Amino acid sequence: MEINEIAETIAEREAKDEKEDGFRRRTALLISVLAMILAITAIGAGKTSKELIGTAITVSDTWAFYQAKGTRETATKLAIDTVEAQLAAPAVTPEVRKLLEDQLQRYRDAVTHYETEADGSGRKELASKARSLEHERETLEVRENHFALAEGLLQIAIVLASAGVTTGARFLVKGAAGLGGVGALLAVDAFTLLVILPI
């Protein structure tokens with residue numbers, strides 16, 4: 001073998017090694033970026049899960065308060081019926097009639113307050129609040145689903161990129177980059193909900 005052939009062989013190996021090193025560096029950078037996006041996505045997913053749990057509890061509590069108000073209203077209406085029946089009795093003295101009429105008015109005022117309250121604790125206000133919270137809960141469920149899908153795609157992309165750098169299979173790294181891109185877009189969409197996916 002001549003010196004020129006040896007020099008060419010060495011130069012070819014160095015070029016090949018340099019190309020492989022570049023491939024590994026780019027793949028390592030891709031894995032790092034995907035891991036960073038995954039970490040941010042996981043933080044968003046965790047926050048969304050906590051908000052979802054809190055909102056679901058608040059929805060349940062609000063409807064329970066609404067039902068409790070309904071139960072009290074029904075009991076008060078039964079009391080109104082009882083007082084009205086007592087007032088209809090022929091042997092009611094004027095003093096007792098006055099007491100019963102005052103009691104009847106208090107019951108009627110209470111029924112009015114059960115239905116609507118300025119402080120938002122009436123049945124109408126509670127129902128409106130509960131429906132609004134249900135809408136918020138549904139939005140959080142959509143956001144949580146988007147985060148879950150984004151996390152899954154990013155994790156698969158990291159695994160593919162790792163396998164690609166280990167085996168030197170460039171198609172795995174290209175696939176990882178594609179999946180990672182889709183996962184990153186889903187992560188952004190999970191934060192913004194610009195597009196609602198049917199998942």
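1. Basis. In this predicted model, local features need pLDDT of at least 70 and side-chain atom pairs pLDDT 80 or more, while totals for chains, interfaces and linings use all residues. Residues are numbered from 1 along each chain as its sequence is written, and side-chain values use heavy atoms, with hydrogens and water left out.

2. Helix α3. Helices are DSSP runs of H or I with at least four residues, numbered from the N terminus. Helix α3 covers residues 123-167, 45 residues in total. Its first and last C-alpha atoms lie 65 Å apart, close to the expected 66 Å (1.5 Å times one less than the number of residues).

3. Aromatic pairs. The whole structure contains two aromatic pairs (ring centres of Phe, Tyr or the six-membered ring of Trp within 6.5 Å; planes under 30 degrees apart are stacked, over 60 edge-to-face, the rest tilted). W63 and Y66 form an edge-to-face pair, because their centres are 5.2 Å apart and their planes stand at 85 degrees. Both belong to helix α1 (residues 3-88), three residues apart, so about one helical turn separates them.

4. The pair between helices. F147 and F191 are also edge-to-face, with centres 4.9 Å apart and planes at 85 degrees. F147 lies in α3 and F191 in α4 (residues 170-192), so the pair ties together parts 44 residues apart in sequence. Is F147 buried or exposed? F147 is buried, at 0% relative accessible area, whereas F191 is partly exposed, at 41% (buried is under 20%, exposed over 50%, partly exposed in between; 1.4 Å probe, protein chains only).

Terms used. Helix = DSSP H or I, 4+ residues; strand = E, 2+ residues; numbered from the N terminus.
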